[in-house]
Amino acid sequence: MSIKLATERHPETGQTSREDSPLAVRGMTVSYGQKPAVFSVDMTVEPGKMTAIIGPNGAGKSTLLKAALGIHKPLAGTTTVFGKPVGAQRHRIAYVPQRASVDWDFPTRVIDVVLMGLYPQLGLLGRVRPAHRARAEDCLTRVGMEDFASRQIGQLSGGQQQRVFLARALAQDADLYLLDEPFAGVDAATEKAIISVLKSLRDAGKTVVAVHHDLSTVTDYFDNVFLINTRRIAEGPVKTTFVTANLQDAYGGRLAGAQMEALALS
Amino acid sequence: MIRDALLLQLGYNATLVTLGATLLGMAAGVGGTFLFLRKRALVSDAISHATLPGVALAFMVMVTLGGTGRNLVGLLTGAALSAAVGLLLVSWLGTRTRLAEDAAIGSVLSVFFGFGIVLLTVIQTMSAGQQAGLEGFLLGSTAGMLRSDAMVIAVSAALTLALVMLMRRPLTLASFDPEYAVSIGQDVRRTDLAMMGLVLAVTVVGLKIVGLILIVALLIIPPVTARFWTERTDHVVMISGAVGGLSAYVGAALSAAIPAVPTGPIIVLVGFALFALSLLVAPGRGVVSALARHRTHQRRVHLRQGLLAMAQGQPIYENMTLRLLHRQGWARPDGVPTELGRGRAARALRDESRWRVIRSDPAFEAATAQDDGLTDIETVLTADQLAEVDARIPSAEVVA
């Protein structure tokens with residue numbers, strides 16, 4: 001049922017089929033208690049592009065991402081990654097959780113966190129060899145954190161913590177990068193560093209999906225947008241989808257008309 | 001006598017018991033680390049108290065079947081079964097009802113313990129079996145422990161230890177960032193289950209030596225102690241294992257030398273001594289070190305504020321500032337700057353002006369991150385950068 005609905009609802013992204021899509025969600029519903037946070041959502045992410053998931057607070061942006069990854073158990077719905085069930089494709093996914101979701105007083109150093117990205121490769125008992133360490137250090141360099149390798153993570157600023165999480169995802173060398181609010185509460189230097197890393201991933205053919213809350217940067221940062229407010233509102237290229245009518249639909253009265261005019265392209 | 005005990009000179013059995021206790025202490029310290037890092041430490045208290053009805057019921061069953069009821073493996077099997085029921089109840093109450101985990105732990109712990117005490121009372125009135133020594137499970141007792149008992153404890157403790165070492169990566173990930181763990185395909189529920197299983201195993205194995213009331217201390221005190229000394233997970237695990245092993249070794253040896261003393265409390269007190277020592281003197285996280293850091297910081301703040309006040313010709317009111325300035329030779333006791341002090345004050349003021357320039361310039365973003373009002377800008381910028389900054393200081397601010 002949901003697949004049929006999906007094809008009907010996707011005129012603008014008709015070129016990406018479910019099989020090609022790095023991340024395709026069908027009929028996803030997630031409830032906390034009795035109220036669905038995400039209701040019957042379909043999403044087909046275009047490969048090699050940067051997609052922003054946007055919508056008002058409590059619209060289910062993070063929930064959608066977590067349900068797709070199996071972190072929250074959905075009531076209904078399926079997720080495929082590059083055409084296969086998500087469980088079989090974990091090695092191709094790198095996830096960057098919200099910074100606030102972990103305890104930063106945990107006894108671990110920056111380099112150890114990045115090495116966690118290599119755990120799938122290391123297995124239970126594999127030794128961390130100099131090559132692994134060099135790889136982790138290289139990922140830290142890519143986010144400008146190479147000087148912090150042996151710092152305790154609690155000593156970092158919010159933006160630095162976010163960059164360490166990104167470095168861990170880089171270490172996984174995945175094809176699909178999923179980020180939950182990567183720019184929330186970070187300084188301007190971090191935001192610049194993160195966006196340049198993400199763009200270089202995109203330019204290398206990787207797919208990037210980020211939950212994003214800052215509407216003013218959507219057009220600068222992203223190729224595509226996915227608008228959600230519990231239900232799917234619209235999905236497609238920024239140019240044709242990030243428009244007043246869709247924003248009105250997603251945000252309702254929460255954005256003033258003038259604000260929308262300033263943000264949207266048409 | 002005590003020296004003999006510590007040097008394992010009290011005979012074969014006492015030595016075996018002490019070594020068994022040491023292995024148990026290491027297993028508890030290592031396993032408890034992940035419980036502590038996962039912030040589930042109190043669950044172990046529910047597990048341990050939930051063992052009591054199992055011990056009593058196992059005794060009754062064995063006596064009914066015609067034995068003496070003293071078989072350790074039988075008693076521990078009973079303990080493990082009822083502890084598992086208690087654990088499942090805690091997790092069911094926590095996830096399926098609106099009860100918070102702490103309330104669930106409190107309920108399960110007290111009900112199981114109460115039920116166990118009632119059963120022990122019933123056992124005292126039974127004519128068959130050797131009920132003497134069962135109360136040793138409450139506070140731990142190495143007196144009268146058989147060689148085979150010690151072997152059972154030593155082997156299971158060693159197995160538990162090996163299992164934790166095998167699972168250290170999934171356990172670390174589940175403790176630090178469970179959502180990320182799921183995203184790379186780890187079954188965090190199974191990891192949690194394994195962790196609880198490990199804790200259950202340590203608890204059951206430790207019943208005879210430490211006793212069910214205090215085994216929780218052997219799971220919690222070592223990791224908390226270890227945390228003071230390091231910022232690395234693997235080091236916390238190792239130090240915690242060492243602290244647990246040492247506490248149990250000393251405790252069991254002392255208890256073998258002085259049989260009237262229950263083993264559990266001694267082990268816990270030794271562990272506490274190590275904890276108190278770490279709390280005080282550990283570098284970085286210890287109380288003394290934190291206090292010293294605070295004092296140094298306070299001194300720097302007062303000196304800096306004093307210098308800036310002198311540079312701007314303002315009076316200094318705080319006695320601490322005056323005292324510190326005087327001790328540095330920068331001011332007279334009444335606050336009038338000395339020659340040296342005037343130079344220092346001018347430098348502090350120039351430093352402030354320089355910081356003001358770079359604070360508003362995004363090109364200096366990395367340097368500005370070190371702006372705490374105290375750091376000398378000359379330690380942050382190069383000479384070339386400083387010259388560039390100085391050229392931009394408004395001339396009205398320049399202090400000769």
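**Notebook: chains A and B of a predicted model**

I began with chain B, whose domain assignment gives domain 1 (2-212) and domain 2 (288-397); such bounds come from an automatic or database domain assignment. The model is a predicted one, in which local features need pLDDT of at least 70 and side-chain atom pairs count only at pLDDT 80 or more, while totals for chains, interfaces and linings use all residues. Residues are numbered from 1 along each chain as its sequence is written, and chains are lettered from A and ligands numbered from 1 in the order in which they are written.

**Chain B**

I looked up the separation of the two domain centres, taken over C-alpha atoms, and found 59 Å between domain 1 and domain 2 of chain B. I then listed the secondary structure: chain B has 19 helices and 0 strands. Helices (H or I, at least four residues) and strands (E, at least two) are DSSP runs, numbered from the N terminus. Chain B is more spread out than a compact globule, because its radius of gyration is 31 Å, well over the 21 Å that the globule rule gives for 400 residues. That radius is taken over C-alpha atoms, and the rule is 2.2 Å times the number of residues to the power 0.38. I noted that the C-alpha trace of chain B spans about 100 × 55 × 35 Å along its principal axes.

**The sheet of chain A**

I turned to chain A, where 4 strands form an open sheet in the order S2-S1-S4-S5, with antiparallel pairing. Two strands pair if DSSP finds at least two bridges between them. The edge strands of chain A, S2 (35-44) and S5 (84-85), each pair on one side only.

I followed strand S1 (residues 24-32) of chain A, which pairs with S2(A) over 6 bridges in the antiparallel sense. A:Ala24 has A:Thr44 as its bridge partner in S2(A), and A:Tyr32 stands opposite A:Lys35. The hairpin of these two strands has 2 residues between them, and A:Gly33 takes a positive phi near 70 degrees there. S1(A) is also joined by 4 bridges to the antiparallel strand S4 (residues 76-81) of chain A; here A:Val25 stands opposite A:Thr79.

**Where the chains meet**

Finally, I looked up the contacts (C-beta atoms, placed from the backbone, within 7 Å). In these terms, 21 residues of chain A are in contact with 19 residues of chain B. On the chain A side, strand S6 (93-96), helix H3 (110-116) and helix H4 (119-122) each supply at least two residues.

Notes:
Contact = placed C-beta atoms within 7 Å.
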